[in-house]
Amino acid sequence: MKKEFLIIAVGSILASCNSDNKAEKSVSDEPENNVELTSLEDRVKRHIESSLTIPATENYTFKIYKENLDGDKKEDAIISVNRLEFAMNEAAKSKNPVKQAEIGFMGNHNYIFYYDGALDQLSPHIPIPSSPNAALQIQFENISSPSYKDVLIDFRIVNGCFRDFFTIINHAPQRIFQWKVFDGINKSKTEAYGFKYEQGKLSDSKDILVMKAKFKQNQKENNVYAYQPKIEESKDILYRFFFYPKEGKYITMKE
């Protein structure tokens, strides 16, 4: 079971953003001589502020999610970072702040970092282009292997929610799949999807099944980023995706 910590640091649009969702293979934050005297939370905070050049005056949040992510029996972690205040301040300085607010301050203001428990090192930052009005939601699933977990990251874009699937390859998170979870909050037309995982047909990694689903919205929501619709899944399979090792990602085949 994941263990989650919330730390609040208080001091005195998608394709156009950086969409490189694979961390560099080199890692930073080399262990210090007295690292055993420094908590992981303190090291993470220092690493985040250094990596993202966050000033002491900025309010931001981060969470640490601990799990075994690479099968070496050492506990690893995914760290999510949200910089809403920074996004709002940047929008206020833009030519069209109202438009920026309308699209939820979309940009590179949500990030993840990976902590490798065996190496005792933190990765460079990985941007998750999305709206900072909602912090990233992290889950874990056994998809690539029964002996370790993969990372599922939900992020919000205006009226919808999307999910990134990451696995750890050579000590770095690599995105292997992405799909929409739901869309259409406060709209006349809505869509939603469910996910199931079955024994892989092309590799040892499980197949990802995208299931037909729906949600009903009874009244208008003032805060679309906080709203979590109740999704009703069906048994109808829309797509089956197979992991293709040669490409390092999931593919589907036309009937």
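Predicted model: local features only at pLDDT ≥ 70, side-chain atom pairs only at ≥ 80, totals over all residues.
**Entry 1: the whole chain**

I looked up the overall make-up. The chain has 255 residues, and 47% of them are buried. I found 3 helices and 14 strands listed for the chain. The accessible surface comes to about 13,800 Å². Carbon and sulfur atoms account for 48% of that surface.

**Entry 2: strand S3**

Next I turned to strand S3, which covers residues 76-82. How many of the residues of S3 are buried? I got 7 of the 7, so the strand is largely enclosed by the rest of the structure.

I then checked which way the side chains go. Asp76, Ile78, Ser80 and Asn82 point one way from S3. Ala77, Ile79 and Val81 point the other way, and the residues in both groups are buried.

What does S3 pair with? I found S2 pairing with S3 in the antiparallel sense over 7 bridges. Strand S4, residues 110-116, is also antiparallel to S3 and is joined to it by 6 bridges. I followed Asn82 as an example. In one direction, Thr61 stands opposite Asn82. In S4, the bridge partner of Asn82 is Asn110.

**Entry 3: salt bridges**

I moved on to charged pairs and found 10 salt bridges in the structure. I picked out a few to study.

Arg163 and Asp154 came up with their closest N and O atoms 2.6 Å apart. Are these two residues buried or exposed? Arg163 has 11% relative accessibility, so Arg163 counts as buried. Asp154 also has a relative accessible area of 11%, so Asp154 is buried too.

Glu198 forms a salt bridge with Arg240, and the closest N and O atoms are 2.9 Å apart. This pair links distant parts of the chain: Glu198 is in strand S11 (residues 191-198), Arg240 is in strand S13 (residues 232-244), and the two are 42 residues apart. Glu198 comes out at 35% relative accessibility, so Glu198 is partly exposed. Arg240 comes out at 18%, which is under 20%, so Arg240 counts as buried.

The side chains of Asp207 and Arg240 meet in a salt bridge at 3.2 Å, N to O. This pair also links distant parts of the chain, with Asp207 in strand S12 (residues 207-214) and Arg240 in S13, 33 residues apart. Asp207 is buried, because its relative accessible area is 1%. I also wrote down a network: salt bridges that share partners join Lys180, Asp183 and Glu191.

**Entry 4: Thr167**

Thr167 sits in strand S9, which spans residues 160-169. Its relative accessibility is 5%, so Thr167 is buried.

What does the side chain of Thr167 meet in a polar contact? I found the side chain of Asp150, at 2.5 Å. Leaving out residues up to four places away in sequence, I listed what Thr167 touches: Ser144, Tyr148, Asp150, Ala172, Pro173, Gln174 and Ile176.

**Entry 5: positive phi angles**

Last, I looked at backbone angles. Most residues other than glycine have a negative phi. With that in mind, I stopped at Thr53, which has a positive phi of about 50 degrees although it is not a glycine. Where is Thr53? I found Thr53 in the loop between helix H1 (40-51) and strand S2 (60-67). Thr53 counts as exposed, because its relative accessibility is 64%.

Val158 is not a glycine, yet it has a positive phi of about 50 degrees. Val158 lies in the loop between strand S8 (148-157) and S9. With a relative accessible area of 27%, Val158 is partly exposed.

**Back to the start**

Arg240 counts as buried at 18% relative accessibility, while Glu198, one of its salt-bridge partners, counts as partly exposed at 35%.

Notes. Residues numbered from 1 in each chain as written. Heavy atoms only, no water. Salt bridge = Lys/Arg side-chain N within 4 Å of Asp/Glu carboxyl O. Buried < 20%, exposed > 50% of the residue type's maximum accessible area, 1.4 Å probe, protein only. Helix = DSSP H or I, 4+ residues; strand = E, 2+ residues; numbered from the N terminus. Polar contact = N/O pair within 3.5 Å; in protein donor to acceptor, adjacent residues only side chain to side chain. Contact = heavy atoms within 4.5 Å. Areas by Shrake-Rupley, 256 points an atom, 1.4 Å probe, with all protein chains shown as cover. Pairing = 2+ DSSP bridges.
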